[in-house]
Amino acid sequence: MFWKLSRSEETKNLFPCLKLASKYIAEAKHHSAKKHRSSKDSVAFLCGESGIAAVSAVIAHSQGNGHDAENEVKIFLKGHPICATDGGYEADEVLVGRAGYLHGSYWLNQTIASKPIANETVTAICKVILTRGRRIAASLQTAAPLMYEYHEKTYLGAAHGICAILHALLESPWFDRDDNGQFCVSPTKLSDIKNTIDYVLTMQNHEGNFPTRHDSNRTLVHWCHGCGGAIYLFAKAYLTFKEEKYLECCRKCADTIWHQGLLRKGPGICHGVAGNGYAFLLMYRLTEEMCYLYRAAKFAEFLNSPTIAEQLLAPDRPYSLYEGLAGTVCFLVDLLTPLQAAFPFMDVFEKKCA
């Protein structure tokens, strides 16, 4: 949050932002060092050590401390051997799995000019994700070429499910274009990824939402579960493949969020009002249609309402980036410069790979 504040011309002088960012990340590193973690924790981005290392690297880089930034990147890369191995580590999702590690890699390459995460590092993980997705889809006998499980549940949403995993694959060097304008990915890989995206698209209901799981009809309007997170996959698919059906899917997601997305679970970005507000900022960047900026502003306005005031500290971690106030501040800062706005670690518009 403080690093984000330091990037905005309108907020960077309100606090000693980078100094505070450095203080908080040092505390996170201290607490992490006291825990008895397994080597697998080096993979977890949103809930583990790789995320701490990545944020620490970016803060050090922003302070002009290249040596510390390099050391933190080395700590981040400790998670790579586990991610790039098929077997022994079963999580592919965003919070603790391979997709989260990939999104962290892309963010590092976006924010550090030297782009410290090599293409080969990324594609090695993508190959494992693809292999695992094919194997799980075959075992479950799904119509989709790829499928993923988390604790034996086939989640669809951005936190634990296939949407953020497919998004991570679309961000990879496989979808760079060669001199002839063709993707660098093989036809077989391309077919499996795109056909799975299209399969997930068929699960969008008449309201514009998605079920929480592949085998469930339950719906939620969150970033973590439902259209509030699925919209990022289909925005990236639209930018990648230029097919109108993906943009239409995004419009339906945004309409559902507008009608049902003023949540009573706190202000945060995982399952709160700010997270759903981010979807409108995404749509504004995608289309530059003012109705989406208006909707984002209205969700920000609701954050100042008595209803939210009563729920401000309701989340389990009320000050955190994803559940609490830190993420809410990021949303409000992004509202100041909406054409540069991006949900934390999921900017679909930036090419992040070296």
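**Burial, polar contacts and helix packing in a predicted model**

Author: In this predicted model, the largest nonpolar core holds 115 residues, and those that touch the most other members are Leu166, Ile193, Ile197, Phe210, Trp223, Ile231 and Phe234.

Reader: What makes phenylalanine 234 count as buried?

Author: Its relative accessibility is 0%, and the cut-off for buried is under 20%, so phenylalanine 234 is classed as buried. The residue lies in helix α10, and, with residues up to four places away in sequence left out, phenylalanine 234 touches Ile197, Val200, Leu201, Phe210, Tyr246, Cys249 and Cys250.

Reader: Which residues are in contact with isoleucine 231, leaving aside its neighbours within four places in sequence?

Author: Isoleucine 231 is in contact with Cys250, Cys253, Ala254, Ala279, Leu282 and Met283. As a general matter, nonpolar side chains in soluble globular proteins tend to be buried together.

Reader: Why is helix α8 called mostly covered?

Author: Nine of the nine residues of α8, which spans 162–170, are buried, among them Ile162, His167 and Leu170. The elements that cover these buried residues include α6 (98–111), α7 (119–140), α9 and α10.

Reader: Why is asparagine 209 called buried?

Author: Its relative accessibility is 1%, and since buried means under 20%, asparagine 209 falls into that class. Asparagine 209 is placed in the loop between α9 (187–201) and α10 (227–241), where, not counting residues up to four places away in sequence, this asparagine touches Met203, Gln204, Thr219, Leu220, Val221, Gly226, Cys227 and Thr256.

Reader: How do you know that the side chain of asparagine 209 makes a polar contact with the backbone oxygen of leucine 220?

Author: The side chain reaches that backbone oxygen at 3.0 Å, and a polar contact requires N or O atoms within 3.5 Å, one able to donate a hydrogen and the other to accept it. A polar atom of the side chain of asparagine 209 also lies 2.8 Å from the backbone nitrogen of cysteine 227, which again can be set against the limit of 3.5 Å.

Reader: Is histidine 222 buried or exposed?

Author: Histidine 222 has a relative accessibility of 5%, and the cut-off is under 20%, so this histidine counts as buried. Histidine 222 too is found in the loop between α9 and α10. Its side chain is joined to that of lysine 265 by a polar contact of 3.3 Å, and its contacts beyond four places in sequence include Cys227, Leu263, Cys270 and Asn276.

Reader: Why are α2 and α3 called roughly antiparallel?

Author: The axes of α2 (residues 17–34) and α3 (residues 49–62) cross at roughly 150°, and angles over 145 degrees count as roughly antiparallel, so the two helices are described as roughly antiparallel to each other. Their axes come within 10 Å, and the crossing of α2 and α3 is left-handed.

Reader: Which residues of α2 and α3 meet?

Author: From α2, Leu18, Ala21, Ser22, Ile25, Ala28, Lys29 and Ser32 meet Glu49, Ile52, Val55, Ser56, Ile59 and Ser62 of α3. In general, an α-helix has 3.6 residues a turn, so residues three or four places apart point the same way.

Terms used:
Residues numbered from 1 in each chain as written. Predicted model: local features only at pLDDT ≥ 70, side-chain atom pairs only at ≥ 80, totals over all residues. Heavy atoms only, no water. Helix = DSSP H or I, 4+ residues; strand = E, 2+ residues; numbered from the N terminus. Buried < 20%, exposed > 50% of the residue type's maximum accessible area, 1.4 Å probe, protein only. Contact = heavy atoms within 4.5 Å. Core = buried A, V, L, I, M, F, W, Y, C linked by side-chain atoms within 4.5 Å. Axes fitted to C-alpha atoms, helices over the stretch in contact; angles between N-to-C directions. Parallel < 35°, antiparallel > 145°, perpendicular 65-115°, else oblique. Left-handed = near helix turned anticlockwise from the far one by under 90°.
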